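Visitor: Could you walk me through a few helix contacts and a pocket here?
Guide: Happy to; here is the model.

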Amino acid sequence: MARLVLAGGGHAHLAALKRLGKVTGRGHRVTLVSPARVHCYSGMGPGILGGYYRPREAAFHVAKLAERGGGVFRRASVVRIRPGERLLELDDGSTISYDVLSLNLGSGARPLPGDGGPDCFPVKPVANLARARLRALRLLRRGQCNLAIFGGGPAGVEVAGNLARLGRRFPGRVAVTLVAGHRLLHGFQERVRRLCREALADSGVTVLEDNRLEYLEPGTGMLDDGRRLPFQLAVAAPGILPSGLMAESGLPAGPSGGLLTDRFLRCPEHPEIFGGGDCIDFGPAPLDKVGVYAVRQGGLLADNLLAALDGREPAPFDPGDPDYLLLFNLGDGTALFRKRGIVTRSKASWWLKDRIDRRFVRRHQVA
């Protein structure tokens, strides 16, 4: 009987959790370690903020998935891995042993300079966006409210559009400002940038390009041109950063700091350790830190974990078409669509995104 530990209940582990009965049915013991019993789907996070979805519509009950498959759920966070001893140290002071370990620890928001106080919400974990929505509604009911977003990437664009949607319920009471850094959606093609900029302008969002956040304090962002940006609520979306856990634990880390894996999603130095999603750096080829790759990895990762437990050879991961479908929820009933050179903004694209996201969540939800 071998011991499998799944650390994290994110997208890359959903397939393994759905198939857990195959693992426990062969006599293996499985434990899921996660800081929450419920995992929020990142693709629908901005929609929670804007009111398109209730939090429970965008959540997977990973604890129930584990328990229904015959596994054990431990509510905790991993603070250190001791690969030589095959042990995990948890934040409750306990340890857990494994024969095979899989890491799906996700990523967090990059730190901002300074402290924005309790009304500055990092975009990660995604559950923060539900909290930000409730706080914004309370503020807007009281009167005029300045809402700020720090970060000009995809998350910043979606958050800004959905905060503007929230504010439209209170005409004349809201000002939404997005501090985009050097430029909005840096690294994307010009048509993507232009359509998103137009959508935000249509929603009344002020976009500050060639402006960086210099320092953050409660209620105020100091910009690099000397201006002060006052806010009653802010969302920090400065990009993602994998946990420093790998390097701190003596595991090989890739360029982003994630676990360096081979083509089997396995740590070459410790072949009993696997991983998927944002917390890994795929050694054979760099992959964007987007949910599509975590989802693509899920089925293969589940198969390889069972193979490792049974003493069989794993199979290689094929990342698939690098020109993956990109859909941004712009908060105004439209979405940005990008695929195979086609870039559009339309209501039909929003319908497509909503349909894809709802179907994915329903597939992994349990009563």
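Visitor: At what angle do the axes of helix α5 and helix α6 cross?
Guide: This is a predicted model, where local features need pLDDT of at least 70, side-chain atom pairs count only at pLDDT 80 or more, and totals for chains, interfaces and linings use all residues. Residues are numbered from 1 along each chain as its sequence is written, and side-chain values use heavy atoms, leaving out hydrogens and water. The axes of α5 (residues 127–142) and α6 (residues 154–167) come within 11 Å, an axis being a line fitted to C-alpha atoms over the stretch in contact, with angles from 0 to 180 degrees between N-to-C directions. They cross at roughly 35°.

Visitor: Which residues of α6 does α5 meet?
Guide: Contact means heavy atoms within 4.5 Å. From α5 come Leu129, Arg133, Ala136, Leu137 and Leu140, and their partners in α6 are Val159, Leu166 and Gly167.

Visitor: How is α1 oriented relative to α9?
Guide: The axes of α1 (residues 11–18) and α9 (residues 291–310) come within 6 Å and cross at roughly 30°. Angles under 35 degrees count as roughly parallel, so α1 is, relative to α9, roughly parallel.

Visitor: Which residues lie nearest the centre of the second largest pocket?
Guide: Both β22 (280–282) and α9 supply at least two residues each to the lining of this pocket. Its space is about 220 Å³. Of the 17 lining residues, those nearest the centre are Ile280, Asp281, Phe282, Leu287 and Lys289.

Key
Helices (H or I, at least four residues) and strands (E, at least two) are DSSP runs, numbered from the N terminus. Angles under 35 degrees count as roughly parallel, over 145 as roughly antiparallel, 65 to 115 as roughly perpendicular and the rest as oblique. On a 1 Å grid over the protein atoms alone, a cavity is a set of points where a 1.4 Å probe fits but cannot get out, and a pocket is an open set with protein on both sides within 12 Å along at least five of seven lines; lining residues have an atom within 4 Å of a point. Grid points are joined across faces, edges and corners, and a volume is the space filled by probe spheres set on the points.
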